[in-house]
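Dear colleague,

Please find the structure below.

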Amino acid sequence: MIATVTLNPALDKTVIVPHFAVGKTNRVQVKYVDPGGKGINVAKVLKQLGSPVIATGFLAGNNGRYISEALASRDILTDFVYLTGETRVNLKIIDPVSGMETEINEPGFLIADEHLKQFKQKTRELAERCSVMVFSGSLPPGVPPDTYAALIRIAKGCGTKTILDTSGEALEIGLGAGPDLIKPNRAEVQELLQIRVEKEKDLIDAARRLLAMGTGTVVISLGAAGALAASGDRMIRARPPSIKTGSTVGAGDSMVAAFAYAMMKNLSLGEALRLATAASTATATVDGSGVGDFQLIQEFLPQVELEELH
Ligand SMILES: Nc1ncnc2c1ncn2[C@@H]1O[C@H](COP(=O)(O)OP(=O)(O)O)[C@@H](O)[C@H]1O
Ligand SMILES: O=P(O)(O)OC[C@H]1O[C@](O)(COP(=O)(O)O)[C@@H](O)[C@@H]1O
């Protein structure tokens with residue numbers, strides 16, 4: 001079983017706005033509403049891959065109920081802590097003319113100390129019955145930046161493998177707890193290491209530095225340009241097939257889901273990266289915060305190009 005932890009879930013509202021213009025009145029052509037938040041997307045993809053999965057974290061209000069029902073309708077097991085307040089709405093504006101995606105993410109509702117304490121206990125219980133735990137996304141107000149580090153230590157103490165996908169201080173401190181895998185995107189690497197990642201050499205240097213900071217495997221995702229996975233002495237570069245993009249929201253989460261699956265099944269780094277690239281590319285073809293289905297992932301698998309770097 002894999003557990004996905006989303007401390008800050010969201011109802012993702014995606015609007016298609018041709019010729020979107022800042023400071024002007026914009027008209028929505030199409031609207032999608034999906035259960036979102038990083039770990040929740042990871043759970044949706046794991047379900048497509050046929051993996052047993054349970055989604056946990058904090059939910060509140062009508063949006064929380066909507067998310068919970070949407071996951072139940074997909075037969076995804078959940079074990080959320082329900083609180084008073086309201087789960088955030090994250091707005092995604094897609095302009096099909098310019099190809100630009102604009103994201104406006106709310107901060108989320110306030111979590112009290114006692115609820116965080118309650119969640120640490122839940123993490124321990126879940127870790128005892130899961131082989132992999134995935135910790136993803138931003139931290140809501142009231143949750144200190146060392147929280148992922150604390151949760152990772154609890155999971156590791158139970159012999160559970162851990163994946164961390166977050167940014168900023170939470171990522172920097174979380175790395176200190178020695179997660180088995182992290183998956184920053186280009187912007188997150190640049191922010192964390194205070195560097196520019198432009199050439200392949202920058203990418204390789206960044207991966208080496210991140211490995212030295214305490215993670216077992218690092219996967220740096222680069223949008224349409226693919227990804228680099230590094231573990232020990234091995235580095236593999238992946239390039240996805242070119243696609244007609246729907247919305248890339250959830251593409252990174254799909255990559256994380258495939259690595260969690262690969263970790264549970266003990267797949268090699270190359271097999272994991274191929275699956276992760278196929279799954280994330282499949283999601284990038286789907287509108288809204290929907291994820292690529294099993295059939296599309298299978299179709300993309302042989303089209304992923306892998307190159308071993310020496
Ligand atoms: N336009 C695209 N075409 C093909 N694959 C894509 C595209 N955008 C994203 N992907 C796939 O999704 C992965 C994650 O995307 P990225 O944007 O880097 O992550 P995040 O969503 O975390 O910012 C990429 O490594 C790639 O495999
Ligand atoms: O917790 P954060 O960093 O605000 O991110 C939440 C957002 O990220 C998503 O999980 C998408 O993430 P990715 O595009 O990185 O896969 C959305 O569903 C959600 O609105």
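How many nonpolar, polar and charged residues does the shell around ligand 1 have? The shell has 8 nonpolar, 10 polar and no charged residues; here Ala, Val, Leu, Ile, Met, Phe, Trp, Tyr, Cys and Pro count as nonpolar, Asp, Glu, Lys and Arg as charged, and the others, Gly among them, as polar.

This is a predicted model, in which local features need pLDDT of at least 70 and side-chain atom pairs count only at pLDDT 80 or more, while totals for chains, interfaces and linings use all residues. Residues are numbered from 1 along each chain as its sequence is written, and chains are lettered from A and ligands numbered from 1 in the order in which they are written.

**Ligand 1.** Among the 18 residues that surround ligand 1, the closest are Ser221, Ala224, Ala251, Gly252 and Ser280 (a residue counts if its C-beta atom, placed from the backbone, lies within 6 Å). Helix H8 (251-264) and helix H9 (269-284) each give two or more residues to this shell, and H9 gives the most, with 4 residues. Helices (H or I, at least four residues) and strands (E, at least two) are DSSP runs, numbered from the N terminus.

**Ligand 2.** Ligand 2 is surrounded by 17 residues, the closest being Gly36, Asn90, Gly137, Ser138 and Gly252. Two or more residues come from each of strand E2 (10-16), helix H1 (38-48) and H8; the largest share, 3 residues, is from H8. By class, this shell divides into 3 nonpolar, 11 polar and 3 charged residues.

Yours sincerely
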